[in-house]
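Subject: Structure handover

Hello,

Here is the structure I promised to pass on. Please open it alongside this message; my notes follow below.

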Amino acid sequence: NFSGGAKSNYTFPKEFLFGVSTAAIQIEGAWNEDGKSPSIWDQLVHSNPTFVRDRSTPNVAANSYHLYKRDVQMVRELGVDIYRFSISWPRILPNGLANSVNTLGLQYYRNLINELERYNITPMVTIYHWDLPQKLQDIGGWTNAHIIDYYTDYANILFENFADKVKYWVTFNEPMQTCIEGYGGTYRAPALNRHGIAEYLCTHNLLKAHASVYHLFNRQYRPLYGGKIGLALDSNWAEPRSNSSSDRQAAQLYLRTHMGLYANPVYSAEGNYPPEIIKLVDEKSRQQNYSQSRLPKFTPEEVEYIRGTADFFGLNHYTTYLLSMATKPVGQIPSHENDVGIVRVQDPTWPSMSSSSWLKVVPFGFRKLLHWISKSYNNIPIIVTENGYADYSGVHDKARVSYYNHYLNALLHAIHEDRSNVQGYFAWSLMDNWEWDDGYVSRFGLYLVDFESPNKTRTAKDSARLYTRVVATRGLPADYDAADYTAFSG
Ligand SMILES: O=S(=O)(O)CCCN1CCN(CCO[C@@H]2O[C@H](CO)[C@@H](O)[C@H](O)[C@H]2O)CC1
C-alpha cells in the first residue's frame, strides 16, 4: 500500500516524453467560420445556455483558430517535446460524411502542423475529442452502427493528409464521457439521457470504430510512415472506503466496469468486455424483462478484431474516490450506474482549493492507478495524456504548482520504484480554455488567457515556469516543499 512517496531525487529517463494537451472545441473558437458546421456541443450550449455554469459558449474560446502561432510559441517556451491537440470533425467534414471535404478546415491543421515542425515540436493528434457533427447526431450519432464507417472515412482523410508528419494518433478521448455521460446521461453532449440503453450502444459502436481505424492505420499508413496509435481513457483511482473485503471488491469492480469497459476489449490478453459487466447487465436485463441484454455482445471474430488494437495506453487522470458496494439501488433504472451498484465519496481531508469540486489532490492515487494498469494490461507502455489542476484564475497559481510537484513526484516513484511502464506525460492544459459545463470559470491552463481582451492575451503562470524547469532538469525543483506533501500521502 504505497503513498505517493516522500520527496525523492529521482529523475525522468532521457527518452521520457514531456508534452502539453488541448482540444479543438475548448480552444479554437471560429465555431461557424470557413465552412465548419455545428458540433453536438454547439447545438447543446446554443439551445440550452443554462447547461454552462457561466452561460458561456465556445464560439470564440481562446480563438486558437486565428492565434495558433502564439500557441505554438507557448509550447516552445515550455520546452516540451510534443503537443497534443484534437481535430474537429465538423471542420473537416461539415455534413459528417466524406463526400465533401472542407479544404479550409484541412488548411488550418496543415498550418498548425507545419508551425509545430518549424519549432521542432512533435504533433500528437486526437481524432475525436467529443465534437461529433450535429448532422450525424440527427441520424443517431454513436447509437447508429453506420457511424463506424463514417468515423473510419473521417480518420482516413486525416491519415491521407497528415500521416506523413503526424506520428502519434489517439482515436478517442475518454469514450466513457461521451457514451456514459453523453448518451446515458446529461453531463456531456448530446445529453441524450437514454440511460441503460444508449450508453452501451455508443460503447459497442465506438469500440468497433476504434478497431476499424487502428486496422486501417496499421494496414495502409504505418507501413509508409511509421507512427503509433492508441486510445485515451479517463480514470479516477478507486481506493476502498475501508479495509473490508466488500469495499476492496467495490474498488476493483469500479476500475473493471468503468475504465475496464473500454480497456479490456482493447488491452487485455483475452479481449472482450470484462466478465463482471457482462454478468451484471445480463442479469439486470433479465430481471427487467428485456428480450436481450442491454449490453450488446461481441462475436468471437469481433473480440479478436478489437483485441490488441493500440500501441500505447493513453491515460487521463485527475483525482481519487473512496469506493464501497451500494446497500440499496443507486442511479436511474436502468443505467450503467445502477447495473454496477457502487457508491463513491471523497475524503473531506483531501486538499482541494480547486474550482472543479471533484478535483481533490491525491497523488498516491495516481501512483496506484499506474501500477494497476501496468499489472492488469501486461505492462503496456502508458502515456499520461492529461493531468492537471483547476482554479479560478490568477498568474501566481500556488495550488497548481503544488499539485504538479506532488503528482510528478508520485509519477517518479511509479517509474523508479514500482517499475510502471510510463513513457510520457502531458499536462492538461497548455492554456485556460472552455471547460465544458464549467465554461470559463474553471481554469486548467499553464498559461492564463484573458478572455475579455481582443487578442485573448496569454500569460505564463508560475506553474508554466515550474513545468519548464522540470522538463529542462528532468527532475523536481530542490525548493519543492516536501513538508506539505505529507498531507497528501495515502
Ligand atoms: O464525480 S462527479 O460526477 O461529481 C464529477 C465527475 C468527475 N469527472 C472526472 C473525470 N473528468 C474527465 C476529465 O475530462 C478531461 O479533463 C479535462 C478537465 O476536466 C477536460 O477539459 C478535458 O477536455 C477532458 O479530456 C470529468 C469530471
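A disulfide here is a pair of cysteine sulfur atoms within 2.5 Å. The model is a predicted one. By that cut-off, the count comes to 1 disulfide.

**The disulfide**

Cysteine 179 is joined to cysteine 202, with an S to S distance of 2.1 Å. The angle about the S-S bond is -65°, and the link is left-handed. Cysteine 179 sits in helix H8 (residues 175-183) and cysteine 202 in helix H9 (residues 198-225), so the bond ties together parts that are 23 residues apart in sequence. Both cysteine 179 and cysteine 202 are buried.

**The overall fold**

The protein has 17 helices and 13 strands. Its radius of gyration is 21 Å, close to the 23 Å that the globule rule gives for 490 residues, so the protein is as compact as a globular protein of that length. Along the principal axes, the C-alpha atoms fill a box of roughly 60 × 55 × 50 Å. Of the 490 residues, 62% are buried. Take the contacts with a separation of 6 or more: 77% of them come from residues 24 or more positions apart.

**A helix pair**

Look next at helix H10 (residues 245-257) and helix H11 (residues 259-267). Their axes come within 4 Å and cross at roughly 60°. H10 contributes Tyr254, Leu255, Arg256 and Thr257 to the contact, while H11 contributes Met259, Gly260, Leu261 and Asn264. By class, the residues of this contact are 4 nonpolar, 3 polar and 1 charged.

**Cis peptide bonds**

The bond from alanine 189 to proline 190 is cis, with omega near 5°. Proline 190 is in the loop between H8 and H9, and those helices also hold cysteine 179 and cysteine 202. The bond from isoleucine 333 to proline 334 is cis as well, with omega near 0°. You will find proline 334 in the loop between strand S8 (320-325) and helix H14 (336-340).

**Positive phi**

Arginine 55 is not a glycine, yet has a positive phi of about 60°. Its place is the loop between helix H2 (40-47) and helix H3 (64-78). Asparagine 378, not a glycine either, has a positive phi of about 55°. This asparagine 378 lies in the loop between helix H15 (363-376) and strand S10 (382-386). Is asparagine 378 buried or exposed? Asparagine 378 is exposed, with a relative accessible area of 71%.

Best wishes

Technical notes. Residues are numbered from 1 along each chain as its sequence is written. This is a predicted model: local features need pLDDT of at least 70, side-chain atom pairs count only at pLDDT 80 or more; totals for chains, interfaces and linings use all residues. Side-chain values use heavy atoms; hydrogens and water are left out. Helices (H or I, at least four residues) and strands (E, at least two) are DSSP runs, numbered from the N terminus. Buried means under 20% relative accessible area, exposed over 50%, partly exposed in between (1.4 Å probe, protein chains only). Axes are lines fitted to C-alpha atoms, for helices over the stretch in contact, and angles run from 0 to 180 degrees between N-to-C directions. Contact means heavy atoms within 4.5 Å. Ala, Val, Leu, Ile, Met, Phe, Trp, Tyr, Cys and Pro count as nonpolar, Asp, Glu, Lys and Arg as charged, and the others, Gly among them, as polar. The radius of gyration is taken over C-alpha atoms; the globule rule is 2.2 Å times the number of residues to the power 0.38.
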